[in-house]
Amino acid sequence: MTKVTEKKEDVIILFAGDSGDGMQLTGSLFTNTSALYGNDISTFPDFPAEIRAPLGTVAGVSGFKLHFASVDIFTPGDDVEVLVAMNAAALKANLHQLKIGGTIIANTAGFDKKNLRLAKYDNEQSPLLDKSLDKFRVIELDVSKMTREALVDSGLGTKEVDRCKNMYVLGFLFWMYNRTLENTETFIKEKFAKKPDIRDANIKVLKSGYFFGDTNETFTTRFEVESAHLPKGEYRSIMGNQATAIGLIVAAKKANLDLFYGSYPITPASDILHELARHKNYGVKTFQAEDEIAAVCASIGASYGGAIGVTASSGPGIALKGEAIGLAVMLEIPLVIINVQRGGPSTGLPTKTEQSDLMQAINGRNGEAPLVVIAPHSPSDCFHTIIEATRISIEHMVPVMYLSDGFIANGSEPWKFPAAEDIKEIKPNFADAEKSLEDGAFYPYARDERLVREWATPGMKDLQHRVGGLEKDFKSGNVSYDPANHERMVKVRQEKVDRIADFIPEQKIEQGEDQGDILVIGWGSTYGASRTAVRELINEGHKVSQAHIKYLNPFPKNLFDVMKNFDKVLIPEINNGQLINLINAKYDLRAIPFNKIKGLPFTSREIKEKLLELLS
Amino acid sequence: MTKTNDIQVNLTAKDLATDQDVRWCPGCGDYSILKQLQSTLAEANISKEDTVFVSGIGCSSRFPYYMDTYGIHSIHGRATALASGLKASRPDLSVWIITGDGDSLSIGGNHLIHLLRRNFDVNILMFNNEIYGLTKGQYSPTSPKGQTTKSSPMGSLDHPFNPAALVLGASATFVARSMDRDPKHMREILKAADSHKGTSFIEIYQNCNVFNDGAFEVFTDKGTKADNVILLEEGQPLIFGADSDKGIRFEGMKPVIVSLSDVSKDDLWIHDSKDETKAYFLSKMFDEPGSEGAMPRPFGVFYQEDRFRYEEAMNEQIDRAISLKGKGDLDKLIRGSSTWKV
Ligand code: SF4
């Protein structure tokens with residue numbers, strides 16, 4: 001029979017199942033193939049908080065959302081078109097995201113009495129059998145059974161056989177979206193090179209899923225998402241934490257310094273440590289410390305020794321590092337502090353995203369302890385932003401806090417990567433005896449016109465000096481309890497950070513005119529949702545613009561000039577209102593807050609609706 | 001290990017002093033330790049620019065300001081953590097950690113034990129005065145139970161740490177004890193610590209004459225020292241007493257005090273700092289002086305062992321990664337393993 005192919009601009013698939021069902025892998029493999037087809041892509045995994053939450057329960061559902069398109073996109077998207085539900089709990093947890101008319105691919109074996117009970121369906125009534133799913137198209141596949149049948153002669157045990165079932169779903173989806181299996185087959189061959197029976201089983205099941213779509217008469221329509229008109233060039237797919245890690249290696253090399261990374265395991269920052277630990281052949285020193293405090297202190301020690309010290313954590317760990325970060329402020333040495341934010345306070349929502357540590361970054365230390373705060377806005381932007389953070393830290397002898405979040409860290413997108421040679425050199429402000437001695441004496445706290453002191457590291461002859469957390473004399477750096485000196489030093493540390501505004505780009509308008517009815521201005525991971533919402537409204541003829549702040553402390557010098565040309569300024573944040581406090585306190589303007597604090601990113605629709613409400 | 005000057009300069013203790021006024025209370029035991037260390041390092045003819053003193057917070061932690069080397073006076077309890085990162089990134093430096101009983105055993109306890117198991121090649125000088133001096137006299141983790149202080153007017157309830165036993169338990173590779181009032185002994189121990197490759201931990205009994213005067217008097221006072229102190233000498237029998245008439249011998253699994261009129265020297269416990277079991281027993285000789293059947297308190301090198309050092313292993317891994325994968329190429333890193341063209 002003939003099968004028709006229908007073109008689509010963009011599709012969102014949500015793969016959901018038990019955390020052992022391999023949904024993250026399935027999603028990643030579909031992503032990689034879509035990337036090779038030239039689609040624009042944005043992904044977002046949604047992990048359960050427990051590593052192995054009870055099987056079959058809603059708490060144990062692991063999801064992977066993939067948005068792929070023939071147009072450029074900036075978010076994992078709002079309306080799910082296809083929901084893969086490996087069991088009843090996966091359906092229950094995610095049905096609300098599926099758009100009316102969307103498709104559910106349900107693994108019927110996951111809807112037996114036991115699964116229905118675990119998912120807490122009333123009276124163990126299967127949603128596949130009542131009318132509750134009438135608004136959707138339901139494709140029932142007995143994935144478990146078909147996988148077992150495909151592997152009946154494989155000689156593998158039931159457990160190993162069942163592990164292949166995600167490949168069946170993947171094969172079916174590849175058929176549905178008109179993709180070849182080649183890329184995934186290559187992956188499987190590499191991954192299971194040493195286990196030929198597992199390799200063959202996975203490939204067989206993958207193909208079975210594909211052939212099922214091809215030969216089964218119920219499925220008459222396939223979909224085609226053409227390649228996107230992305231700017232010409234070479235691309236790779238990149239996740240936020242990965243981009244942060246490789247950006248650090250590049251930054252250190254560009255500064256010609258050793259990279260020392262001290263950290264303690266914490267979700268969702270640990271992947272940076274894992275990635276860096278894989279690259280020891282770049283001379284990277286990773287140090288898994290005994291706790292958060294040791295991690296930052298070891299990094300300060302490394303920076304004191306002339307390496308670039310970097311430490312990373314999430315909010316709770318950053319709180320523990322606070323005192324040591326204050327020491328780095330006092331020492332005026334380079335230190336990059338990465339905070340991959342998650343839901344707080346306290347342990348909060350470890351696997352969910354939030355932007356609630358901005359105030360902590362700006363103010364979270366005792367005393368007047370200013371530092372630089374900078375935030376990436378997308379997975380690939382992590383690369384450039386961490387290099388920028390490292391540059392400022394090294395060239396201005398100041399700690400820099402880099403605020404990523406769970407959404408950016410675990411999300412992925414295609415990246416038109418740069419050539420290493422196009423990345424600017426970073427120039428450490430090293431002392432040396434020839435230029436730094438004044439009548440034979442060394443003044444470690446003498447400053448240049450940027451108020452930056454020189455970096456004298458052990459081993460430099462005749463520049464021995466002592467530093468510490470006690471207040472320093474303005475010039476000699478010796479301990480000083482002089483009242484006037486303390487006031488002067490507090491002001492000078494602040495002024496040094498403020499002057500960095502002369503060395504960062506001006507705030508620009510991301511899209512839209514430079515004046516109009518509303519400016520949407522955000523920071524960090526709200527970028528994509530704002531971008532999509534504003535683009536749609538501009539296309540619909542509204543006078544709406546978008547700006548996005550990367551440099552949160554100090555702000556770009558022209559920030560107020562950019563904002564004041566709009567009737568209204570809207571600040572969407574995944575917190576209870578933090579950037580807005582800084583802006584309303586600093587500038588003569590009343591920005592409007594728009595907050596979501598559900599551990600989830602904004603959808604573009606939410607922002608669009610808010611804008612329409614303000615426009616009316 | 002110290003790094004010595006390439007060119008022949010003859011350092012004196014004075015060359016290692018800074019222009020800063022030393023601010024400890026007059027009569028504080030810290031002065032003696034500063035002096036002994038300056039003369040030991042001068043004698044070793046260290047290279048000043050390759051030496052770093054790292055301290056935490058407390059009276060003793062002022063130490064770096066008085067040494068004309070590189071130095072960091074860091075935050076409370078964290079000197080050990082900071083020094084770990086410094087040594088990991090700069091294995092070429094000679095790193096000295098100056099800490100106190102509160103700094104290293106209370107707020108910094110965690111970092112201390114982890115530094116010891118990693119065995120960075122650094123030296124830890126733990127000034128034990130059994131009190132918090134800088135904060136004006138509260139009991140510390142080494143204060144004896146029942147000690148009355150400002151924060152324990154009815155006596156401290158805490159059972160004290162036994163520092164030597166603690167660090168042995170944390171796999172320290174060099175453990176020694178000395179005292180501020182015995183300069184010669186201290187210089188010897190400092191020298192031995194310096195030449196040890198790996199973490200050297202020296203506990204130094206230090207008199208805080210303002211808040212805990214005389215805490216160690218029985219070990220330092222002429223009249224009582226001989227009966228309460230046993231000086232450990234490599235390969236020598238454990239003998240003590242005013243007339244060197246007492247010794248220590250193993251009976252079963254227990255060290256006991258014997259009189260040399262009954263027992264021959266050859267049957268005594270011979271000190272062997274490579275013997276971990278013996279070191280354990282030495283560390284447990286921690287009785288309250290004067291208490292019934294009290295063993296004398298040992299001073300000297302309890303234990304030393306040659307074990308791999310973290311910073312060397314770290315560099316070896318990097319070398320191994322380079323030999324396996326080749327020296328990292330930035331473009332390769334940025335491209336990753338799979339790319340596509342638009
Ligand atoms: S308080 Fe005690 S330990 Fe501190 S300087 Fe004075 S005597 Fe020395």
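## Basis of the model

Residues are numbered from 1 along each chain as its sequence is written, and chains are lettered from A and ligands numbered from 1 in the order in which they are written. In this predicted model, local features need pLDDT of at least 70 and side-chain atom pairs count only at pLDDT 80 or more, while totals for chains, interfaces and linings use all residues.

## The contact between the chains

Chain B places 49 residues in contact with 57 residues of chain A (contact: C-beta atoms, placed from the backbone, within 7 Å). Among the elements giving two or more residues to this side of chain B are E2, H2 (79-89) and strand E12 (339-341); helices (H or I, at least four residues) and strands (E, at least two) are DSSP runs numbered from the N terminus. H2(B) gives the most, with eight residues.

By class, this side of chain B has 21 nonpolar, 17 polar and eleven charged residues. Ala, Val, Leu, Ile, Met, Phe, Trp, Tyr, Cys and Pro count as nonpolar, Asp, Glu, Lys and Arg as charged, and the others, Gly among them, as polar.

## Strands that pair

Strand E2 (residues 70-73) of chain B pairs in the parallel sense with strand E19 (residues 466-468) of chain A over three bridges; strands pair if DSSP finds at least two bridges between them. Here Gly71(B) is the bridge partner of Arg466(A). E2(B) also pairs in the parallel sense with strand E1 (residues 51-55) of chain B, over four bridges, and Tyr70(B) stands opposite Val52(B).

Tyr70(B) and Ile72(B) point one way from E2(B), Gly71(B) and His73(B) point the other way, and all are buried (20 or more other C-beta atoms, placed from the backbone, within 10 Å of a residue's own). Elsewhere, E12(B) and strand E9 (residues 234-239) of chain A pair in the antiparallel sense over three bridges, with Thr339(B) as the bridge partner of Arg236(A).

## Helix packing in chain A

Helices H11 (residues 292-304) and H12 (residues 315-331) of chain A pack at an angle of about 30 degrees, with their axes 8 Å apart. Axes are lines fitted to C-alpha atoms, for helices over the stretch in contact, and angles run from 0 to 180 degrees between N-to-C directions. H11(A) is therefore roughly parallel to H12(A) (an angle under 35 degrees). The residues of their contact divide into nine nonpolar, one polar and two charged.

How values were computed. Buried ≥ 20, exposed ≤ 12 C-beta atoms within 10 Å, placed from the backbone. Parallel < 35°, antiparallel > 145°, perpendicular 65-115°, else oblique. Contact = placed C-beta atoms within 7 Å.
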